[in-house]
Amino acid sequence: SNAEMEQRRGGVYAVYFDDNSNVIGYRVLLSGTTRNCSGGKSPWNTWISCEETGRGQCFQVTADPRHPNFGRPQETKLGGNGGNFEAVAVDGRDPAFPVFFVSEDAGYGALRRYTGRGPPGWDYLHRDGGDTQFLEFIPGSNRFRWTYNEQASRNSQFRYYPNVEGIDCDDNGFLYFVSKRRKMLYKLDLDRGTYITVPTNEALEGQGSFADTPDNIDWGNDGNFLYFTEDGGPTAGVYAREKSTGKMYAMFEALWREYKGDEATGLAFSPDGSKMYACFQDCGCPQESSETGLDFTCGCMLEFSRDDGYSFDGAPSNLRFHSKSNR
C-alpha cells in the first residue's frame, strides 16, 4: 500500500496474509518520501513506488524478508531528472530485456519508456547505461513514436493525453493508459506503432455509473478484464471493461455522501484471483470525538471475495452491481 502524503511523510507499506487470507503482518518498506502514488510491480516481484510531486522519483522495494534488499529501498533510474510520476507498467514479452513504462500525472508530463542494461533483476533498474525515450503522438494520424526529445513528448501529452494516471501492459504487446483530464483510455500497439482511444465514461452494463475520472488500471491475473478505479466525484469505486466485448461493468461503488470526492486506489488480486482488494484514501476510521464518529483523513482497505470457485477474471464472471445502500 502507498501513502500519498506531503512533505516526506509518504511511503510504502506491506500487508502480509496467510493461505486463508488472514492478515498476519504489516511492515514499513519505504519512508521519508512524498506523495507516493500508484507505482507497479516488476517481473522479479519487487515493487516500484512513484512520487507524484514536481521532482519526484521512482523507488524499488521488496516485501520479501528473504530478499537481500529487504529493508533497503533504492531510487531507480526510471525517474531521470524527476517528475510528477504516477504508475509503472512492464512489457515482459522478452524476459531478458523487460521494458518499463512510467506515466506522469501532469498536463505537460512525459510518458517514458526505459530499458535497462545487463541481466534482469533488482540491479536492472539501478545500473548506469539504460535507455530512456519518451512517447510522442504523430499529428494527423493514429500513430506514435518514441523520441529522445523530452520537450516534444511533453507537448504531445499536453495536446493529446494530459494528466496520465494508470498504465498497464497485456501479454500481447499492447500498452494501456488513461488520461483523467480527457476521461479516455488509450490502447497502444507497441509493435505496429498505432493507437486507438476509448472513452472511460461509457454507459455501464446493468446498474451503476462511472461519473468522474479514471485512476489506477490493472489487467488482473488472467487479462480478461481491465479494471479501473475512480478518482473523485460521487461514485468512487472499481469498474471493469471486458476485453472481448468492450462492455463496462461496475464492481462496486461507494454511494454514501461522505465518500463523495474520495479516491479508490490500491487495486490488487490474490494469486488465485478469488479475492480483490481496493482502498479508499479517506474512507474514515472510528473517532468518537468527531461529529460523524469518523476520521475522514484515515484510509481503509477492502476485501471482496468470490465463493463460486471462479477468479474475478474467470468466465463466467457474472459481474453485477449489487448495492445501492446509503453506506
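This is a predicted model: local features need pLDDT of at least 70, side-chain atom pairs count only at pLDDT 80 or more; totals for chains, interfaces and linings use all residues.
Is Ser42 buried or exposed? Good morning.

Ser42 lies in the loop that links strand S4 (40–41) to strand S5 (47–50). Its relative accessible area is 3%, and buried means under 20%, so Ser42 is buried. Setting aside neighbours within four places in sequence, Ser42 is in contact with Gln60 and Phe100.

In soluble globular proteins, nonpolar side chains tend to be buried together. Here, the largest nonpolar core comprises 21 residues, and Leu135, Phe137, Phe177 and Leu188 have the most contacts inside it. Several strands supply at least two residues each to this core, among them S9 (83–91), S12 (131–137), S15 (174–179) and S16 (184–189). A second, separate core has 16 residues, including Phe225, Tyr227, Phe252 and Phe312.

Please look now at Phe177. Beyond its neighbours within four places in sequence, Phe177 is in contact with residues including Leu135, Phe137, Val164, Met184 and Leu188.

Finally, consider strand S15. Of its 6 residues, 5 are buried, and the strand is mostly covered. S15 pairs with S14 in the antiparallel sense over 4 bridges, and Val164 stands opposite Ser179 of S15. The hairpin of S14 and S15 has 4 residues between the strands, and there Gly173 takes a positive phi near 85°.

S15 also runs antiparallel to S16, to which 6 bridges join it. In this pairing, Ser179 stands opposite Met184 of S16. The hairpin of S15 and S16 has 4 residues between the strands, with Lys183 at a positive phi near 55°. Thank you.

Notes: Residues are numbered from 1 along each chain as its sequence is written. Side-chain values use heavy atoms; hydrogens and water are left out. A nonpolar core is a set of buried Ala, Val, Leu, Ile, Met, Phe, Trp, Tyr and Cys residues joined through side-chain atoms within 4.5 Å. Buried means under 20% relative accessible area, exposed over 50%, partly exposed in between (1.4 Å probe, protein chains only). Contact means heavy atoms within 4.5 Å. Two strands pair if DSSP finds at least two bridges between them.
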